[in-house]
Amino acid sequence: MGKIGVAIVGPGNIGTDLMFKILKRSKYMYIRRVIGIFPPSQSEGLRIAQQKGIDIAWNGVEGLEEIADEVDIVFEATTAKAHLQNAPVYKKLGLIAIDLTPAAVGPYVIPAVNIEEHLDKDNVNMVTCGGQATVPIVYAVNKVSRVEYAEIVSSIASKSAGPGTRKNIDEFTQTTAKALEKVGGAKRGKAIIILNPAEPPIIMQNTIHCIVEDISKKEEILQSIHDMVKTIQQYVPGYALKIPPVVFEDENRVTVIIRVIGEGDYLPTYAGNLDIMTAAAAATGEKFAEKILKEKPEREVLPKSG
Amino acid sequence: MCGGGKLGKKRIRIIDTTLRDGMHAVKHKFTVEQMVKIAGALEDAKVETIEVSHGDGLGGSSINYGFAAASDKEYLEGVASVLSKSKLAVLLLPGIGTVEDLKIAVNAGTKVARIATHVTEADISEEHIVYCKEMGLETIGVLMMTHTVGPDKIVEQAKLMESYGADMVYLMDSAGAMIPRDVEERIVVLKNELSIPIGFHAHNNLGLAIGNSLRAADVGAVSLDGTLRGLGAGAGNAQEEVLVAVLDKAGYETGVDLYRIMDAAELLDSIVPQLPKIDNTSLLLGYAGVYSSFLLHTYRAAEKFKLDPRDIIIELGRRKAVGGQEDWIIEVAAEMAAKKSPRGNVA
């Protein structure tokens with residue numbers, strides 16, 4: 001199979017890191033164009049894209065409309081507000097939107113958990129960085145024994161929290177908590193985020209507490225957690241248990257601590273929170289691209305070379 | 001310093017936080033009934049502002065920080081029902097609590113909201129400060145762990161809170177790590193740079209809660225936090241009945257009735273049998289500059305993993321944990337235990 005065309009809208013930190021990831025390891029996606037709203041002189045992301053020989057535009061969504069028939073998937077790496085405006089346009093153009101903003105027009109997707117059930121949608125949302133890191137673990141525990149309550153604490157380096165996150169930090173806690181329930185399967189979810197300014201910057205870390213129905217199944221629970229970590233590592237190589245899971249038998253609780261070291265594609269390695277978002281989006285795009293190529297081989301824009 | 005004559009006495013506002021910071025010392029287990037009783041005694045003593053929340057603020061009830069005995073709503077409605085003159089206040093830490101929690105507080109009769117962030121992260125408080133101002137609350141921006149940075153950074157961050165609409169900025173010595181000189185340095189600069197009033201919240205890990213509070217008042221702070229018998233995280237806060245007496249001797253007017261606040265402290269004795277003190281571990285919190293509410297969590301982790309709690313505290317200080325990172329305690333303890341154990345597995 002060859003490749004289908006995709007576009008990245010929003011060449012900021014996230015969009016640029018995503019570009020690196022797709023270039024580095026996508027089997028089925030070819031970046032047809034990277035689109036911003038400022039010229040390359042004011043956009044490092046566009047400059048980098050240009051240097052890599054990728055077609056660029058800085059006329060916003062128009063830049064996408066111009067090439068829409070060569071593209072099947074659009075990655076939204078702008079803001080929630082922009083995506084709410086853009087989503088209907090993408091739909092009209094017949095594109096699949098993979099939304100990295102908190103807009104959540106489409107359902108939450110966690111590649112390791114529920115990508116298969118959403119491959120028929122035309123808009124999917126990547127939740128939050130904390131959600132990508134923690135929801136799969138809750139899902140893994142819940143598969144063995146019902147999770148009555150899941151609580152996660154994401155610690156991220158202050159330097160890796162952008163102005164959007166800072167201005168609306170409630171969005172992180174509320175969206176993540178909802179995903180713990182809707183996708184993770186917990187009866188009730190709670191999320192906490194802590195920004196730590198320590199220098200050198202701390203590596204993204206997540207603590208996941210699950211109160212389960214039946215802690216006597218702890219061996220199976222631990223096995224399920226380990227299996228899930230391996231699954232996630234396939235698309236987020238820097239994802240790992242920080243310490244072995246801790247079981248608090250008297251509280252029916254298992255506590256898992258995860259750290260995410262970024263691949264350092266464009267963003268620094270401590271920013272595992274951003275890395276896991278772009279890695280999850282790339283993995284999601286890959287699944288969609290594979291499906292499109294199977295069903296509509298005529299969409300191939302770049303034949304498999306060599 | 002303040003003026004001499006009775007009429008010219010400088011006013012210091014006391015914010016009582018027995019029912020918020022004090023919650024740390026009782027593992028967030030005050031009952032609504034106990035809170036109502038204590039709040040009633042504080043109102044009798046003419047304490048102007050009474051803060052009620054989980055120790056980690058609204059929405060703090062959790063595995064990470066400990067579950068409270070009742071919901072925010074139950075505590076706030078209970079206390080509001082016995083207050084007529086004293087104002088009901090809440091604390092909220094963005095990242096832990098949300099605007100939804102503030103809505104509940106407003107509906108329960110809250111008049112004052114304190115929005116607290118780590119001293120370098122003031123920009124995560126904007127949505128909450130703006131919301132509280134819209135709801136007509138007196139809104140106080142709070143910077144925590146203020147010992148970790150110098151006056152310039154504090155000014156920059158306090159100005160952000162001021163720009164969002166905060167009516168006052170509070171400095172918290174969350175780790176009880178400051179000596180009077182540190183307090184003075186920060187408040188003097190802040191007073192010159194801000195147009196809103198300044199408050200100070202002390203912890204007693206180095207035995208300086210009263211001394212630091214007094215120094216804060218002397219250099220321009222107009223609001224101070226206290227708790228009955230010093231009940232609070234770590235070695236506790238500035239002991240309120242002592243603070244009231246000391247401020248009076250120093251020539252300040254608090255409006256608090258000394259005998260009645262002593263009565264309230266006695267009531268607390270009957271409710272809380274074991275008060276925080278400066279033991280070796282809490283002394284180290286202050287010495288290493290570690291968030292005071294880590295204390296009881298550290299004791300629990302030390303017991304589970306069979307470690308000396310002092311080693312855990314020192315390591316947390318080395319890693320520069322900030323307020324709210326109680327989960328790091330488990331991690332540090334587990335790692336230390338794994339190093340000690342030949343099998344290296346604690347699960």
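Into which domains is chain B divided? In this predicted model, chain B consists of domain 1 (10-271) and domain 2 (293-340). The points below treat these domains, a pair of helices in chain B, and a sheet in chain A.

**Domains of chain B**
- The centres of domain 1 and domain 2 of chain B, taken over C-alpha atoms, are separated by 26 Å.
- Contact between the two involves 15 residues of domain 1 of chain B and eight residues of domain 2 of chain B.
- On the side of domain 1 of chain B that touches domain 2 of chain B, six residues are nonpolar, seven are polar and two are charged.

**Helix pair in chain B**
- Helix 8 (residues 209-218) and helix 9 (residues 240-249) of chain B have axes that come within 10 Å and cross at roughly 40 degrees.
- Because of this angle, helix 8 of chain B is oblique to helix 9 of chain B.
- The crossing of these two helices is right-handed.
- Ile210(B), Ser213(B), Leu214(B) and Ala217(B) of helix 8 meet Val242(B), Leu243(B), Val246(B) and Leu247(B) of helix 9.
- Seven residues of this contact are nonpolar, one is polar and none is charged.

**Sheet in chain A**
- Strand 7 (residues 147-157) of chain A pairs with strand 8 of chain A in the parallel sense, over nine bridges.
- Ser155(A) has Ile194(A), in strand 8 of chain A, as its bridge partner.

Notes:
Residues are numbered from 1 along each chain as its sequence is written. Chains are lettered from A and ligands numbered from 1 in the order in which they are written. This is a predicted model: local features need pLDDT of at least 70, side-chain atom pairs count only at pLDDT 80 or more; totals for chains, interfaces and linings use all residues. Axes are lines fitted to C-alpha atoms, for helices over the stretch in contact, and angles run from 0 to 180 degrees between N-to-C directions. Helices (H or I, at least four residues) and strands (E, at least two) are DSSP runs, numbered from the N terminus. Angles under 35 degrees count as roughly parallel, over 145 as roughly antiparallel, 65 to 115 as roughly perpendicular and the rest as oblique. A crossing is left-handed if the near helix is turned anticlockwise from the far one by less than a right angle, and right-handed if clockwise. Two residues are in contact if their C-beta atoms, placed from the backbone, lie within 7 Å. Ala, Val, Leu, Ile, Met, Phe, Trp, Tyr, Cys and Pro count as nonpolar, Asp, Glu, Lys and Arg as charged, and the others, Gly among them, as polar. Domain bounds come from an automatic or database domain assignment. Two strands pair if DSSP finds at least two bridges between them.
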